[in-house]
Amino acid sequence: MGGLRFPFAPDGTMSSYSVGNKSGFSPSDVKFMFNGPLAFGVGDEISFDVTIDADNPADPISPPYHPGETTHIVIDRATVDAVLPSAIGVISTYKEYAAVLSRALSGSGATAAVYRVYDPPWSENIVDVPDQIGIAYVGNPSLHGSSLQITGVTSTVGSGGLANSAIQYGERRSSMTLSIEPFRVYEEVVVNFDLRVGRESSASYSFDKDYVNPLLGVDDGLIATSDDMATLLNSLLARPDIIIEATSDNAISVRTDPSIDRKSGQKSGIGFWGINVNIEPIPKLNFLDIDIEQNPQKVTEYIQYIDVVSGKVASGAAMLGALQQRIDMQSEFADRLMSSISKGVGRLVDADLDEASTRLKALQTQEQLTMQSLQIANANAEILMQLFRASAASHSEKDRTCIGAGAARPPEAASGLVRCTA
């Protein structure tokens, strides 16, 4: 699967982690052989400096280099009495000296240790390594470096074998190589994995065919080359502190960027873990191939096959049940939606009919008012005509009265104006 995992068992079972995973190493212990006893009186002391977590100039990081953290250690009569209250200031054995050193080193990023080994090798018998003591690294998580050094050893009672040491660096391991083989992601297949960098918490990622196709411009889920795999991982991880690039036709490099990640020793590391594919494990038998009578030695394998197949049947049934439930929910939703739409359309139709009826009534009212206005207008015209007719009739009567009375007609009668004079 693009070099993310490898065959883990003879039956073809694949690993859940990458073969190229890397984890950094702590600095080696500063070991010495105990030389005692050491008798502390008032004013006696052993003192030295312990320095931890200096940057290693040999690591692929840029200057300036951090010098580390130095703690001055003092072992005096009070220290011995606190650890060995009945020893009267005397350290007699290597285990007692280791206990006193551990007390004095508390909070310095280092501690003291004694050792045990299997004797003989590869047996279950464990024995002490007599007189051997080590100053062991603990570290400071707030610093990026990984180192241990003892300097400035002075004593008024003898050092008990403790001496100045060269600096011990932890090993930075923040890059890995994946050997790439083409692989295809099929429909309904989901690949999951975790990425862990240094001591940080793992981050989870996944991809499927629908993710691969548009990313690589394919339609069959094929990751064919190392460039394809680098493109896929860069897209998934999207981390500026990680550099992923194809180094050959069948390999890619995955490493942290030293300009961002300066961690060394046990604080460094990179790897893929928790790799799984949702359809695995894939059964390697056919149900019809089971024959206990002919192959009694395969009973265990048959039982494992039945367990796997039963689990897949149960998973399939659960998936079908979930799918059926989703279909029922969608059907119920569709029914409710259609009912709501029908009610909404009915309300709209009712509203349109009410509006149309109101408009019709308004038009009818306007028509009636118009007719009434015309009737009123016609009636007024008739009244005026009647008034004109009555006025004309009155003048005619006066003319006749004037002539009948024998009155003289004035000269303006010729112009049509009639005026009666006495």
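Predicted model: local features only at pLDDT ≥ 70, side-chain atom pairs only at ≥ 80, totals over all residues.
Leaving out residues up to four places away in sequence, F207 touches F183, V185, V189, V190, V191, F193, V212, L232 and L236.

Next, display the largest nonpolar core, which has 30 residues. F207 is among the members that touch the most others, together with L178, F193, M229, I252, V254 and F272. At least two residues of this core are supplied by each of β11 (175-179), β13 (190-197), β14, α3, α4, β16 (242-248), β17 (251-256) and β18 (269-277). The largest share, six residues, comes from α4.

Now select helix α3, residues 209-216. Its buried residues are K209, V212, N213 and L216. Viewed down the axis of α3, these residues fall within an arc of 100° and therefore line one face of the helix. On the other side of α3, D210 and P214 are exposed.

Which residues are in contact with N213, leaving aside neighbours within four places in sequence? Selecting N213 shows contacts with V218, D219, D220 and G221. The relative accessible area of N213 is 12%, so this residue counts as buried.

Finally, inspect the two ends of the helix. At the start of α3, a side-chain oxygen of D208 comes to within 3.3 Å of the backbone nitrogen of D210. Just after α3, G217 adopts a positive phi of about 70°.

Note on methods:
Residues numbered from 1 in each chain as written. Heavy atoms only, no water. Helix = DSSP H or I, 4+ residues; strand = E, 2+ residues; numbered from the N terminus. Buried < 20%, exposed > 50% of the residue type's maximum accessible area, 1.4 Å probe, protein only. Contact = heavy atoms within 4.5 Å. Arc of directions from axis to C-beta. Polar contact = N/O pair within 3.5 Å; in protein donor to acceptor, adjacent residues only side chain to side chain. Core = buried A, V, L, I, M, F, W, Y, C linked by side-chain atoms within 4.5 Å.
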